[in-house]
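Here is my note on the model below.

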Amino acid sequence: MGAVDARLAELGLTLPEVVPPLAAYQPAVQSGVYVYTAGQLPMVEGKLPVTGKVGAEVTPEEAKELARTCALNALAAVKSVTGDLDRIARVVKVVGFVASASDFTGQPGVVNGASELLGEVLGDKGVHARSAVGVAVLPLDAPVEVEIQVELTEA
């Protein structure tokens with residue numbers, strides 16, 4: 001068991017199976033020393049636990065937890081390409097999309113769920129640049145979607 005896997009276990013987290021693509025794309029691809037994930041929905045065992053807009057049907061607190069799930073799914077996608085999360089040199093960028101009610105402006109707080117999870121799991125390697133974007137709707141009426149870019153150490 002690698003250090004990142006041990007840290008996940010210490011936090012009581014289990015890396016899920018990679019969420020199968022909903023369309024014509026791959027969950028993650030490697031280009032050189034970088035891995036880019038597709039947008040990850042907060043799928044748990046193949047289902048969205050909650051749907052709707054943040055600030056309407058979904059509370060910001062619920063959405064923040066869903067963003068954590070998205071980040072965990074993103075790490076699973078990275079591992080599917082690298083075989084080993086200990087190869088992560090650092091998380092470079094996180095982009096979070098929040099399906100928002102028209103008056104909701106707390107997107108950064110929601111996406112903090114993903115950022116905080118990456119910090120808890122990866123420590124200083126989880127510190128990243130980030131965008132948190134409010135959108136009208138996401139696939140399957142998901143409240144949040146997160147994609148990450150990581151830099152790898154040499155194999």
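1. The side chains of Gln 149 and Tyr 36 make a polar contact at 3.5 Å (N or O atoms within 3.5 Å, one able to donate a hydrogen and the other to accept it; residues adjacent in sequence count only if both atoms are side-chain atoms). Gln 149 sits in strand E5 (a DSSP run of E, at least two residues; helices are runs of H or I, at least four). Gln 149 counts as buried because its relative accessibility is 17% (the cut-off is under 20%, with a 1.4 Å probe and protein chains only).

2. This is a predicted model: local features need pLDDT of at least 70, side-chain atom pairs pLDDT 80 or more, while totals for chains, interfaces and linings use all residues. Numbering starts from 1 along each chain, and side-chain values use heavy atoms, without hydrogens or water.

3. Beyond four places in sequence, Gln 149 is in contact (heavy atoms within 4.5 Å) with Tyr 34, Val 35, Tyr 36, Val 91, Val 92 and Lys 93.

4. The largest nonpolar core holds 35 residues (buried Ala, Val, Leu, Ile, Met, Phe, Trp, Tyr and Cys joined through side-chain atoms within 4.5 Å). Leu 75, Leu 118 and Ile 148 are among those with the most contacts inside it. H2 gives the largest share of this core, 10 residues.

5. Leaving aside neighbours within four places, Leu 75 touches residues including Leu 15, Leu 85, Ile 88 and Ile 148. Another core, of seven residues, lies apart; Val 19 and Leu 41 are among them.

Technical notes: Buried means under 20% relative accessible area, exposed over 50%, partly exposed in between (1.4 Å probe, protein chains only).
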